Amino acid sequence: MNRFHFRVKPVGLCLLVLLFLASVVGADSIWAESNPLMGIRKKAEHIKSLHAEFIQQKQLKILVRPLISKGHFVFKAPSSIRWEYTSPVRSVIVLHRGQVSRFFTKDGLMVKDVAADLQVMQIVMQNITRWLSGRFDENPGFSVTVKENRILLKPSEQISGIIKRIELLLSKGSGMIASITIFEDRDNYTKIEFKMLEINGPIPDSVFEEI
Amino acid sequence: MKPVSYLVISVLFILSSCTALPTIHSDLALKTTLCSKPFPSGQKQYVHSLVVSLPGGENSLMTGITTVSAEMRSVHVMIMTPEGLILFEGRLKEDQIEILRSISFFSTATFAEGLLNDVRLIFLKPAAQLTEVGRTEQGSQVCRYRHIDKSVLDVVIDMNGDWELVQYGANSQPNRQVIARYPTSGVRSVKNDTPDRIKLIVTGNFHYTLDMQLIQSVDVETKHE
């Protein structure tokens, strides 16, 4: 074995984060807009914080039984994020004050993951800013299509070998995020369903400083 | 030098190399069937959280999916991030390695070979000759397998059912150790006779530790846990 470098891992995670943020800002009546993406951008201006629980289901051709993970997601403007898995194994990625760190439980203690890659983190931060503003169409990494309550994102060739497409499903009634599904290929995908979404609730900085 | 001298030197060399292996105490009452206990029969699938600990105290978390077929002597392995991004998928059947998909560092043949050989060590019964069965100094049953390449694998079954594998190189020095532990509380189910924690310790120039915590275990044929 050799030293580990996970350039793609933070990207994969942050895609989830970014997509989630992007779909959250699409809440309410974006479907009334003639240009839904413009509606999302308008709504994004009002998001100061949010919190949600999530259930992640990993479906793989190789898996006899889907792999279920649970956790919660916290965002605070302008750019603090905590994406935490509580089961089956506790792990946390935090983006705060321009720094990205990942931690997980080892022998009862939270330890730092060496997989963190500064270059990728920088890209992540730029994307978060862009997506938080609802600017889907400004990311050359994805082409965006809106079909009713679905936002479809197709990645550029750069990551198309890893992710084929991403589907954001918003509730037709409320416009709130219902799920994100990331298709790696025909047989393998990750579906994340959100619940208990709370927007603009009070979130102290310590949420991003204390692991 | 006389032929007798060669013989004496050869015997001394053999003896000195053998002394590095732990002594096995004979016990005729022991059954060889217990030697297979650590290795799954049939076709099983395991999902583990994997903590890789590298020199210098660095750690990384991943998720591993392993499908093992005892009859086919094959393993199918997928490594992904906790978030579900697939980093590596490969198969090993007998000695044939096949990389199905991989990214970045995981694309190297060295990584694939090392990973799949580690998985084979942990989950497949050794394709080697069982030469000795006895007890360790501590009273655990030990089954010693000798490979054609002179390497040795000791399968050690503790009194409480936990087990260990110790692999020795041709120089009789240990280079890999697998420690399996079952839950310490509760009644162990016969159907779920899978250790909840397996630790692989690799020594040598590039030493590392792989700590595997069981997330789910499924019988592939019946799809029942």
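This note goes through a predicted model with chains A and B, point by point.

1. **Confidence in chain A.** Start here before reading any detail. The mean pLDDT of chain A is 74. Of its residues, 64% reach 70 or more. Among the elements of chain A, helix α5 (residues 206-209) has the highest mean pLDDT, at 93. Helix α3 (residues 118-132) of chain A has the lowest, at 48.

2. Two segments of chain A need care. Over residues 1-14 of chain A the pLDDT is below 50. That stretch still has 43 contacts in the model beyond near neighbours in sequence. Over residues 116-122 of chain A, pLDDT also stays under 50. Here the model has 13 contacts beyond four places in sequence. Where pLDDT is low, the predicted coordinates should not be read in detail.

3. **Make-up of chain A.** Chain A has 211 residues, and 38% of them count as buried. Its secondary structure comprises five helices and 11 strands. Take the contacts in chain A with a separation of 6 or more: residues 24 or more positions apart account for 48% of them.

4. **The sheet.** Chain A holds an open sheet of 11 strands with antiparallel pairing. The order is β6-β5-β4-β3-β2-β1-β11-β10-β9-β8-β7. Which strands sit at the edges? They are β6 and β7 (142-147) of chain A, each pairing on one side only. From one strand to the next, the twist averages 20 degrees.

5. **Strands β9 to β11 of chain A.** Strand β9 (residues 165-170) of chain A pairs with β10(A) over six bridges, in the antiparallel sense. Strand β10 (residues 177-183) of chain A is joined to β11(A) by five bridges, again antiparallel. A hairpin of five residues links β10(A) to β11(A). A:Leu168 stands opposite A:Ile180 in β10(A). A:Ile180 in turn stands opposite A:Ile192 in β11(A). A:Thr181 has A:Lys191 in β11(A) as its bridge partner.

6. Most residues other than glycine have a negative phi, and most peptide bonds are trans. A cis peptide bond joins A:Ser87 and A:Pro88, with omega about 0 degrees. A:Pro88 is in the loop between β3 (80-87) and β4 (91-96) of chain A. A:Asp107 is not a glycine, yet has a positive phi of about 50 degrees. A:Asp107 lies in the loop between β5 and β6 (109-112) of chain A. A:Met196 also has a positive phi of about 50 degrees without being a glycine. A:Met196 lies within strand β11 (residues 189-199) of chain A.

7. Are A:Asp107 and A:Met196 buried or exposed? A:Asp107 is exposed, because 7 other C-beta atoms lie within 10 Å, and the cut-off for exposed is 12 or fewer. A:Met196 is exposed as well, with 9 other C-beta atoms within 10 Å.

8. **The A–B contact.** Chain A contributes 32 residues and chain B contributes 34 residues. On the side of chain A that touches chain B, the elements giving two or more residues are α1 (8-24), β1 (49-59) and β5 (99-106). Helix α1(A) gives the most, with five residues. Part of the α1 range falls in the stretch of chain A, residues 1-14, where pLDDT is below 50. By class, this side of chain A has 18 nonpolar, six polar and eight charged residues.

9. **Nonpolar cores.** The largest nonpolar core has 48 residues. B:Ile79 and B:Val155 touch the most other members. Helix α2 (residues 109-123) of chain B supplies the largest share of this core, seven residues. Leaving aside neighbours within four places in sequence, B:Ile79 is in contact with B:Met62, B:Gly64, B:Leu87, B:Phe88 and B:Phe106. A second, separate core has 24 residues, including A:Phe73, A:Ile151, A:Leu168 and A:Ile182. A:Leu168 is also the residue opposite A:Ile180 in the sheet.

10. **One loop site in chain B.** B:His147 is in the loop between β8 (141-146) and β9 (152-157) of chain B. B:His147 is partly exposed, with 15 other C-beta atoms within 10 Å. B:Gln129 is 18 residues away from B:His147 along the chain, but their C-alpha atoms are separated by 6.6 Å.

Definitions and conventions
Residues numbered from 1 in each chain as written. Chains lettered and ligands numbered in written order. Predicted model: local features only at pLDDT ≥ 70, side-chain atom pairs only at ≥ 80, totals over all residues. Contact = placed C-beta atoms within 7 Å. Helix = DSSP H or I, 4+ residues; strand = E, 2+ residues; numbered from the N terminus. Nonpolar A, V, L, I, M, F, W, Y, C, P; charged D, E, K, R; others polar. Buried ≥ 20, exposed ≤ 12 C-beta atoms within 10 Å, placed from the backbone. pLDDT = per-residue confidence, 0-100. Core = buried A, V, L, I, M, F, W, Y, C linked by C-beta atoms within 7 Å. Pairing = 2+ DSSP bridges. Axes fitted to C-alpha atoms, helices over the stretch in contact; angles between N-to-C directions.
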